[in-house]
Amino acid sequence: MENITVMVGSAGRRVYLLDFFRQAAKELGVQIQLHVTENDRYAATTFKADQVHLLPRFDDPFYTEEWLHTVKVVEPDLYFSVNDYEVAYLSERAPLDQLPDNTVLPHLKADKFALTLDKYLLSQKLQQAGIATAPTALLSHVQDFTKAYDSDQYVVKDRFGSGSSGLRIVNLEDLQSLSRSERNPQALVVQPRLDGEEYGVDVVSALKGRGDFKAALVRKKLGMHSGETDKAVSKDPGEFTDLAKSLANFLGSQGVIDTDVFMTSQGPVLIDINPRFGGGYPFSHAAGANVPLAYLREILGKSPEPEDYRYEAEVYAAKYPALAVAKPGR
């Protein structure tokens, strides 16, 4: 029986990912060893992993040395992270040329990853590539922007960083007041508030190569909790596929990229990009998609099957609290 070792970086609370990979290995008839790296000894996944590797914080001067040593000792067949800070580290600073020859580590190239951390520059580059995204301007250019894009409300976010940090919804009067009072208006971006409904879209590409698009996994968001999708319903990917494929090609992506998309009267509009498994993936998995199975097929030198990405539309799901328990002596 073949053996596969998978290492999940900064796995945190995402026990479901470990479960999904174990189920996929069972379906393929292979043995799997699941390792996690963590800074928190009591993170839920440390109770469920086969091996736990405690690492320093990302800002510790010994982090790189400890991380690389761990990966070299374990020699995982697949390494991926679900933490934004570590994802940034892997794309921008990690010594990937020193990894074991067998280790597959999906990541964006540094120049593409840098775009995901600069919402203003990302908007410009996406528009140049013909990918629909929300009109975006620096707060310092708000006067000209509001003349070009009249809206009842505007979205203000931090320019740099992941997700929707610093998110505010303001009217025109408050926006103009903010532009006058803000000490560093080039550190904030402004967008017209879009009409439409918000969807989570996983853009799935092959692990190997660049931008080898495989599928779009779509769910409509019905509720959020702590910044993650909490309730959702799976949706047919048809209207989102062209955008997802264009984004995969533009980024040269590998594996899963988590995105937020608004469906407007003009079609889907890209809002945000997170190059990792996101909190919305379990909803697509519950509807029938199986990205961990596709990953393991590739690790075994096989091609993913089309059914790995197929799922049923209109499947409703909601998250709920659960416990990961460690017995005495573990």
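The chain has 330 residues and a radius of gyration of 20 Å, which agrees with the value near 20 Å for a compact globule, so the chain fits that expectation. The radius is taken over C-alpha atoms, and the globule rule is 2.2 Å times the number of residues to the power 0.38. The model is predicted: local features need pLDDT of at least 70 and side-chain atom pairs count only at pLDDT 80 or more, whereas totals for chains, interfaces and linings use all residues. Residues are numbered from 1 along each chain as its sequence is written, and side-chain values use heavy atoms, with hydrogens and water left out.

**Overall form**

Along its principal axes, the C-alpha trace spans about 65 × 45 × 40 Å. The chain contains 10 helices and 14 strands; these are DSSP runs numbered from the N terminus, with helices (H or I) of at least four residues and strands (E) of at least two. Buried residues make up 53% of the 330 residues. Here, buried means under 20% relative accessible area, exposed means over 50%, and partly exposed lies in between (1.4 Å probe, protein chains only). Of the contacts with a separation of 6 or more, 65% are between residues 24 or more positions apart, a contact being heavy atoms within 4.5 Å.

**Paired strands**

Two strands are said to pair if DSSP finds at least two bridges between them. The pairings considered here are tabulated below.

| Strands | Sense | Bridges |
|---|---|---|
| Strand 1 (residues 3-9) and strand 4 | parallel | 4 bridges |
| Strand 9 and strand 12 (residues 256-264) | antiparallel | 8 bridges |
| Strand 9 and strand 10 | antiparallel | 7 bridges |

Strand 9 (residues 197-205) is mostly covered, with 7 of its 9 residues buried. Gly200 of this strand stands opposite Asp260 in strand 12, while Asp202 has Leu217 in strand 10 as its bridge partner.

Leu188 is found in strand 8 (residues 188-192). Because its relative accessibility is 4%, Leu188 counts as buried. When residues up to four places away in sequence are not counted, the residues that Leu188 touches include Ala137, Leu138, Leu139, Val156 and Arg168. Leu188 and Thr241 are 53 residues apart in sequence, and their C-alpha atoms are 31 Å apart in space.

Most residues other than glycine have a negative phi. Which value does phi of Ser226 take? The angle is near 55 degrees, a positive value in a residue other than glycine. Ser226 is found in the loop between strand 10 (213-225) and strand 11 (228-235). Its relative accessibility is 67%, so Ser226 counts as exposed.

Glu314 also has a positive phi, near 70 degrees. This residue is in the loop between helix 10 (291-299) and strand 14 (316-318). With a relative accessible area of 43%, Glu314 is partly exposed.
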